[in-house]
Amino acid sequence: MVDSFDPKAVQQGNMVRDELRQNPSTFATDSGVVQASTNRPLEKSNKPRMAGEVGGRILELMDSKARKQTDNWMKMFNTSNQGAEFNQAKMGPVDERKKEGTES
């Protein structure tokens, strides 16, 4: 017995079957029912909104004690070998001609 199926129809059927396997109809559901989470409105939230990941740190630095501690740490870091390397890398490559003052 010779099968007379169109190869393109078989390929299309296989593609549809694979898509249905990847995207089940019960995605993000519990027994077929979507579970909605309860969100509080932002205007009624007690927590202040932060500017990205650093917003909380900025609020901490408004305290003079925390600011002094951070400034002292930065001074000590800048005088260390690692701090000097970091600052040099941050400034970019040094042009030797400009360093020696023999720029042409």
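Helix α4 is hardly covered in this predicted model. Among its 11 residues, the count of buried residues is one; buried means under 20% relative accessible area, exposed over 50%, and partly exposed in between, with a 1.4 Å probe and protein chains only. G92 follows α4 and has a positive phi, near 95 degrees. Of the 104 residues of the protein, 3% count as buried. The protein exposes about 10300 Å², and carbon and sulfur atoms supply 54% of that area. Accessible areas come from the Shrake-Rupley method with a 1.4 Å probe, and for residues only the protein chains shown count as cover.

The model is predicted, so that local features need pLDDT of at least 70 and side-chain atom pairs count only at pLDDT 80 or more, while totals for chains, interfaces and linings use all residues. Residues are numbered from 1 along each chain as its sequence is written, and side-chain values use heavy atoms, with hydrogens and water left out.

The secondary structure comes to five helices and two strands. From the N terminus on, the elements run α-β-β-α-α-α-α. Helices (H or I, at least four residues) and strands (E, at least two) are DSSP runs, numbered from the N terminus.

Helix α3 (residues 64–79) packs against helix α4 (residues 81–91) at an angle of about 85 degrees, with the axes 4 Å apart. The two helices are therefore roughly perpendicular. Angles under 35 degrees count as roughly parallel, over 145 as roughly antiparallel, 65 to 115 as roughly perpendicular and the rest as oblique. Axes are lines fitted to C-alpha atoms, for helices over the stretch in contact, and angles run from 0 to 180 degrees between N-to-C directions. On the α3 side, F77, N78 and T79 make the contact (heavy atoms within 4.5 Å). The α4 side supplies N81, Q82, G83, A84, F86 and N87. By class, the contact has three nonpolar, six polar and no charged residues.

Two aromatic pairs are counted. Rings of Phe, Tyr and Trp (its six-membered ring) pair if their centres lie within 6.5 Å; planes under 30 degrees apart count as stacked, over 60 as edge-to-face and the rest as tilted. W73 and F77 form a stacked pair, 5.2 Å centre to centre, with 5 degrees between the planes. Both residues lie in α3, four residues apart, about one turn of the helix. W73 is partly exposed, at 48% relative accessibility. F77 is also partly exposed, with a relative accessible area of 22%. Ring pairs link W73, F77 and F86 into a cluster.

Methods. Nonpolar A, V, L, I, M, F, W, Y, C, P; charged D, E, K, R; others polar.
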